[in-house]
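Good morning. Please look at the sequence and the model on the screen while I go through a few parts of the fold.

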Amino acid sequence: MNILVINGPNMNMLGIRQPEIYGKATYEDLKAMIQAEADKLGVQVSFFQSNHEGALVDAIQQAYFDHVDGIIINPAAYTHTSVALLDAVKAVGIPTVEIHVSDPDSREEFRHVSYIRAACAATIRGHGLPGYIEALHFLCRQH
Ligand code: DHK
């Protein structure tokens, strides 16, 4: 089984950006944590982060051609704006979990909308970085 973990804009700034919301762990810490769990589960995992919407669309499309079995995606701010990411997930038909470190539903009103949610098998939010591990387990159970 192989899983692609996609992170959107500003997620490369984990550990620096608003630590009171996103915590003190860095993006590298996040990758190491997921990799360690994937190794335990015997799952192949790869990572992609971009601040650019089109690059995120390209990564989702490429997952289809690479025969990726599952996607974990934190579209970050594009969650609340991007029909293109929704359409990309629908286009590839790969089981996808939407993940957020914080709980956008308990923050500003503009964060309450998620376009991508309609194409996702599950949404995990507000569980901090361990939410990514929950997403990994969810996709393994589905497989
Ligand atoms: C990350 C972001 O960058 C925000 O734009 C979202 C999400 C929430 C998160 O909690 O991981 O609103």
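I will start with a definition: a residue is called buried under 20% relative accessible area, exposed over 50%, and partly exposed in between, with a 1.4 Å probe and protein chains only. What you see is a predicted model, where local features need pLDDT of at least 70, side-chain atom pairs count only at pLDDT 80 or more, and totals for chains, interfaces and linings use all residues. Residues are numbered from 1 along each chain as its sequence is written, and side-chain values use heavy atoms, with hydrogens and water left out.

Now the sheet. Helices (H or I, at least four residues) and strands (E, at least two) are DSSP runs, numbered from the N terminus. Two strands count as paired if DSSP finds at least two bridges between them. In general, strands of a sheet pair through backbone hydrogen bonds, either parallel or antiparallel. Here five strands make an open sheet in the order S2-S1-S3-S4-S5, with parallel pairing. At the edges are S2 (44-49) and S5 (122-125), each pairing on one side only. On average, neighbouring strands are turned by 20 degrees against each other, direction ignored. For such angles, axes are lines fitted to C-alpha atoms, for helices over the stretch in contact, and the values run from 0 to 180 degrees between N-to-C directions.

Next, strand S3. Are its residues buried or exposed? Five of the five residues of S3 are buried, so the strand is largely enclosed by the rest of the structure. Gly-70, Ile-72 and Asn-74 lie on one side, Ile-71 and Ile-73 on the other, and both faces are covered. S3 pairs with S1 in the parallel sense over five bridges, and Ile-73 is the bridge partner of Ile-6. Towards S4, three bridges join the parallel strands, with Ile-72 opposite Val-97.

S4 (residues 96-100) in turn pairs with S5 over four bridges, again parallel, and Ile-99 stands opposite Ile-124.

Helix H2 (residues 27-41) lies across S1 (2-7) and S2, at about 160 degrees to S2. Helix H5 (residues 130-142) packs on the sheet, touching S1, S3 (70-74), S4 and S5, and its direction makes about 155 degrees with that of S3.

Two loop residues have positive phi without being glycine. Gln-18, between S1 and helix H1 (19-22), has a phi of about 25 degrees and is partly exposed at 37% relative accessible area. His-67, in the loop between helix H3 (53-65) and S3, has a phi near 55 degrees. At 63% relative accessibility, His-67 is exposed.

Last, the surface. Val-83 is partly exposed, because its relative accessible area is 42%.

That is all I have for today.

Terms used:
Contact = heavy atoms within 4.5 Å.
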